[in-house]
Amino acid sequence: MHSNWRCDDCGDVPPFHVAEHISAEIVGTVLRESASAGAERMPLWAPWPLPPGWTVTGVGWAGDDRSGVRATTVACSGPEPLGGGPADLVFIAEQPGVGLGNRFAGIAGIDPGYLLSESLSARGAGSGPHAKIKVGGHPTPLWCVKSPEDRSAYVSEAKGIWLYAVAWPASAGYLLAEHVVLHDLSEGVPPELVFGAPSPYLHGRV
């Protein structure tokens, strides 16, 4: 007997949990869950300060009581940077071999390494990353990887684990070209953090 979920394409994967609603108290619950199994605490990345008009719209985690939390995700929603319509961004931190980031990015497999290699090759030697943000106080490059046309997906590494940023619609990825700073909520939840209606993308309703 085991608690893993089984994907028809990828095999066993850690179960994924999503909070039905979002508030400071629920964020605190997720943070306690991520520290309860004795494993190394996973970062919970959220943009802070939030871009104008944006709110935090969900949190989730992958793992179980045996292996601990192996991936976390934070969803945000706000105005699309080019057209002004609704947009959503999901930030994922995950250990190798989980597959949560690939799931939201709409790409096969449980590891983005091959797609990152393809992106670097297509970018050409000497070319810079597609976007740069600050993560946990450190400048961090983001590389755009191939994904379905309805979204854009970026991959990088922070604190020794994978970092994904997945945006709907695809043009919402331009937000990452602005001055985006990701703060680890496990180091403190800003009291001014604004929460919004639950993200349909995080809850699988889109």
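Okay, let's start at serine 147, which you'll find in the loop between β9 and β10; helices (H or I, at least four residues) and strands (E, at least two) are DSSP runs, numbered from the N terminus. Before I go on: this is a predicted model, where local features need pLDDT of at least 70, side-chain atom pairs count only at pLDDT 80 or more, and totals for chains, interfaces and linings use all residues. Residues are numbered from 1 along each chain as its sequence is written, and side-chain values use heavy atoms, with hydrogens and water left out.

Leaving aside residues up to four places away in sequence, serine 147 touches Ala105, Ile107, Ser152 and Ala153, where contact means heavy atoms within 4.5 Å. Asparagine 102 sits 45 residues from serine 147 along the chain, with 9.3 Å between their C-alpha atoms.

Now the aromatics. Rings of Phe, Tyr and Trp (its six-membered ring) pair if their centres lie within 6.5 Å; planes under 30 degrees apart are stacked, over 60 edge-to-face, and the rest tilted. That rule gives two aromatic pairs. In one of them, phenylalanine 16 and phenylalanine 104 have ring centres 5.9 Å apart and planes at 75°, so we call it edge-to-face. This pair links distant parts of the chain, 88 residues apart: phenylalanine 16 belongs to strand β3 (residues 16-18) and phenylalanine 104 to helix α2 (residues 100-105). Phenylalanine 16 is buried at 9% relative accessibility, and phenylalanine 104 is buried at 4%.

Then there's tryptophan 168 with tyrosine 201: centres 4.3 Å apart, planes at 20°, so that pair is stacked. Tryptophan 168 is in strand β11 (residues 161-168), while tyrosine 201 comes in the segment after β12 (181-184), 33 residues apart. Tryptophan 168 is buried too, at 5% relative accessibility.

Last stop, the sheet. How many strands form it? There are 10, in an open sheet with mixed pairing, ordered β3-β5-β6-β7-β11-β10-β9-β8-β12-β4; two strands pair if DSSP finds at least two bridges between them. The edge strands, β3 and β4 (45-47), each pair on one side only. For β3, the pairing with strand β5 (residues 55-64) is antiparallel, over three bridges, and valine 18 has glycine 60 in β5 as its bridge partner.

Methods
Buried means under 20% relative accessible area, exposed over 50%, partly exposed in between (1.4 Å probe, protein chains only).
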